[in-house]
Amino acid sequence: MVVEAVDFNNLPEGCIANVLSFTTPKDVCRLSLVSSIFRSAAESDAVWDRFLPSDCHTIISQSSAATSLGFQSKKHLYLYLCQNPLLIDNGTKSFQLDKANGKKCYMLSARMLSIVWGDTPKYWRWTSLPDSRFSEVAELLSVCWLEIRGCINTGMLSPETLYGAYLVFKPSANGTYGFEYQPVEVSIGFSGGDTRKKTVFLDAERERRVRYQIVPRRAGIFNRTRLMAAVEARAPAPRENLDVQYPKQRAEGWLEIELGDFFNEGGEDKELEMGVYEVKSGDWKGGLVVQGIELRPKPYHP
């Protein structure tokens with residue numbers, strides 16, 4: 001029996017578009033280079049509609065900018081939502097798509113978070129910054145009890161997706177203090193279920209100081225003396241300090257620290273709870289500007 005090869009260029013464009021819709025956005029862009037008929041099929045609304053969330057238009061309708069948004073095609077809509085976070089829920093959340101796979105990404109603004117003493121001007125200040133996607137950010141002035149919590153219903157997220165949760169923040173104009181040597185605890189878990197915790201540092205410069213044994217000018221007398229003794233003895237940094245997680249810089253210049261990850265199976269609405277805590281030392285700390293908590297997909301290899 002002889003099986004003849006199939007020339008895809010002889011297939012109807014609609015058939016090719018249907019095949020492409022079962023791939024990924026990245027694959028579609030690559031395959032559009034194969035031939036003119038593939039390029040035409042790759043522009044089809046039938047293809048890109050499969051990459052958009054089924055409730056995409058419902059989500060968009062929650063934005064004040066919904067009436068002004070107009071798109072030539074589903075592809076243009078997809079690319080716009082990948083590149084432009086859309087403010088929803090009266091500007092308290094942002095929504096966008098992961099460019100690689102079309103999965104949903106959300107950021108909860110600082111106003112959506114539960115911040116202990118957040119409405120007390122002595123401890124926190126609400127202000128605006130031109131590089132924030134939200135109209136307000138929370139600036140930590142000085143507290144000895146740091147507690148920030150956020151929650152989201154998993155029904156809002158894409159099913160069968162591994163998500164990471166990230167605190168998005170940066171130092172204030174005057175810099176941070178109290179975080180140089182003091183780690184904070186972060187957590188993630190479902191309401192009423194197990195919560196996973198770990199220790200991180202919010203001081204973005206700590207990793208560099210530990211690696212090169214640099215003593216910060218603002219270090220307290222006790223900490224400075226202890227660190228100088230270690231430097232003089234040429235003692236290596238404690239192993240746990242090398243393993244701990246440090247902030248990473250985002251493309252727009254803010255910092256982020258991962259609070260944890262979870263797999264959203266879908267099909268069941270659960271309340272996901274995330275937290276940032278430093279309540280044990282009793283030391284005063286300040287100088288952080290909190291934009292919010294972002295949830296976005298992570299690579300997943302089952």
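**Exercise 1. Find which elements the buried residues of helix H6 pack against.**

Step 1. Locate the helix: H6 spans residues 74–83. Helices (H or I, at least four residues) and strands (E, at least two) are DSSP runs, numbered from the N terminus. The model is predicted, so local features need pLDDT of at least 70 and side-chain atom pairs count only at pLDDT 80 or more, while totals for chains, interfaces and linings use all residues. Residues are numbered from 1 along each chain as its sequence is written, and side-chain values use heavy atoms, with hydrogens and water left out.

Step 2. List the buried residues of H6: Lys75, Leu77, Tyr78, Leu81 and Cys82. Buried means under 20% relative accessible area, exposed over 50%, and partly exposed in between (1.4 Å probe, protein chains only).

Step 3. Read off the partners: helix H2 (25–31), H4, helix H5 (56–60), strand E1 (86–88) and strand E2 (93–97).

**Exercise 2. Classify the ring pair of tryptophan 48 and phenylalanine 51.**

Step 1. Recall the rule: rings of Phe, Tyr and Trp (its six-membered ring) pair if their centres lie within 6.5 Å; planes under 30 degrees apart count as stacked, over 60 as edge-to-face and the rest as tilted. A search of the whole structure finds ten such aromatic pairs.

Step 2. Apply the rule. The centres are 5.3 Å apart and the planes are at 80°, so this pair is edge-to-face.

Step 3. Place the residues. Both lie in helix H4 (residues 45–51), three residues apart, about one turn of the helix. Tryptophan 48 is buried at 1% relative accessibility, and phenylalanine 51 is buried at 7%.

**Exercise 3. Classify the ring pair of tryptophan 117 and tyrosine 123.**

Step 1. The ring centres are 5.6 Å apart and the planes are at 55°, so the pair is tilted.

Step 2. Tryptophan 117 has a relative accessible area of 47% and is partly exposed, whereas tyrosine 123, with 18%, is buried.

**Exercise 4. Describe the surroundings of phenylalanine 190.**

Step 1. Phenylalanine 190 lies in strand E9 (residues 184–190) and is partly exposed, with a relative accessible area of 24%.

Step 2. Leaving aside neighbours within four places in sequence, phenylalanine 190 is in contact (heavy atoms within 4.5 Å) with Thr154, Phe262, Lys270, Glu271 and Leu272.
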